[in-house]
Amino acid sequence: MAEVTDGEFTAFVNERGPALLRVAYALAGNQHAAEDLLQNALAKAYARWPRIRGDAEPYVKRILYHDQISGWRRRSRRLEVPVAELPERAAVGDSGDDSDLRLLLRAALRSLPPRQRAVLTLRYLEDLSVEQTAALLGCRAGTVASQSAKALARLRKLVPGLDELTSRAEVTR
Amino acid sequence: MSRALDATLRAAVHDLADGVRPAPDLAAGALGRGRRLRRRRRVTAAGAALLAVVAVTLPFVLLRPGPAAPPATPTPTPTATPSPTMLAAPGANWTAKPLVLPGDWVVTRAQAAGGSGNGFLLDRKRGRYLTTDRYDGIYPAPTGSLVAVTDEARPRDVGLIDLSSGKTRWYEVGRALAGLQWSPDGRRLLFTTRQLDHFGFIVLKTDGTKRTFLVDQGRWFCTDICNFTWSRDGREVLLPQTGGTGHNEAVRDPRAGVRFFSPDDGRQLRLVPIPGDPAGPWAWSPDGKFVVVQGQQEPLLVETGTGKVVNPLPAADVAWVSADRLLYRRPNGSRDFVLADPTGRELVRQPLPKQLVDLELTVAPR
């Protein structure tokens, strides 16, 4: 029985682990925290495998998101992911280069509070609707919208070139 | 949001996720961690297996009684002496009666850290331990027969099991809950809530009525570990405050003090300049003059009136069991509980049953 469980679980992790690790990385913001977050979620899945084996991926994702934002898992989880320095602000109309902007945005995303990053991860990495995001995080759709707005406001503050570039893109479309 | 901005954000989030490096030993690591969780379950469940048949006759659907009663053995009377008095380890059948610690407190719950759902639970009415393998969190009230339980499958709720009747009632508390803690009289539960755009505390009475109080973190700054806890008399709740001088992940942020709030109406009451975090109501001395906190570097005994550090201590998670006695689990030797004086001098040492050594314990007045 244990061999069956171990075999099924290992096959699941081998197949879905890389995708789950991407999600964990987007949530945690760094490699070590992402692996820790995911391994903890997977360990819980293993301990409950007979009950969740047919529905393991949603279970693991639910644990990932709740562990990251709720604080049930450990009291010492800090509020924000550390970044060595705030991302440098892009000069307005500097280069207009998408890759520069995305580089800055990626750094800025790391500096968002976990809840805001979780909302953006669900919306843009997992392509969930506002309603689906709200259901998974256990909050109202309006809260998802307000968190998205706050995240965007913070990103705009950190990366002023964001609006410049996107406005240009709109005009030239 | 414009389509271009939407697309740029989407690309950036994907870029961020793409920054992950492969973790080749993910399955092995998760298996190892998962097996450790299971091993803890087996250890805690081993004693219960003996009486599995008896269990089904009890009114508790989800809780099982522990092993049969042991022959009665007198518990040594703890006495304060200059060198610690070593008490005998409990016998193999320790689950058949309350495990009394020095200072006349008892172990009320033992569970694998991290909430694997397995553990022992003291049934005060019957004077014995039950085992459970169902819940992710088990929180017995410090007095009475109620036990709060949590289940990761229903993160908004808390269940209240009445061990005397076997009935369980579930209550929706809220979202993003943390730091569940009983009031010292066992009549109210305190939760820290970290909803997406709200921070504060929730007080749930045992009849299911609850009140939520939001706290403005911009005004009352807490950049680090921010859980509300009860005061010793259960009339106030408190939140550690940081100075707002910057946040460093490598160390605990310096504390400006603890801020007291009313659990009845959420009013902010006062700030006391205590340089650390009390673990809970029992960390305060009975007369309220001293408190044990986790300081920035180490556990500290602090004078509450002035915030002055009296001396360091080996542990922050202590129970102040009398005017001058502290009970805590011995760090770097978690097999033992010790009764110590406020300077940290050990007076009595009580070894734990080996089934409890790797578990997280809750203690309460006998």
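In strand 24 of chain B, B:Arg325 is the bridge partner of B:Ser322. The model is predicted. Strand 24 covers residues 325-329 and pairs with strand 23 of chain B in the antiparallel sense. Four bridges link the two strands. A hairpin of two residues joins strand 23 to strand 24 in chain B.

Both strands belong to an open sheet of five strands in chain B, in the order 2-26-25-24-23. The pairing in this sheet is mixed. Strand 2 (85-86) and strand 23 (318-322) of chain B stand at its edges. Each has a single partner strand, so one side of each lacks a neighbour in the sheet.

In chain A, helix 2 spans residues 31-47. At 1.5 Å a residue, its 17 residues should span 24 Å. The end C-alpha atoms are 24 Å apart, which agrees. At the start of helix 2 of chain A, a side-chain oxygen of A:Asn30 reaches to within 3.2 Å of the backbone nitrogen of A:His32. Of the 17 residues of helix 2 of chain A, 14 are buried, so this helix is largely enclosed by the rest of the structure.

Methods
Residues numbered from 1 in each chain as written. Chains lettered and ligands numbered in written order. Predicted model: local features only at pLDDT ≥ 70, side-chain atom pairs only at ≥ 80, totals over all residues. Heavy atoms only, no water. Expected span 1.5 Å × (residues − 1). Buried < 20%, exposed > 50% of the residue type's maximum accessible area, 1.4 Å probe, protein only. Polar contact = N/O pair within 3.5 Å; in protein donor to acceptor, adjacent residues only side chain to side chain. Pairing = 2+ DSSP bridges.
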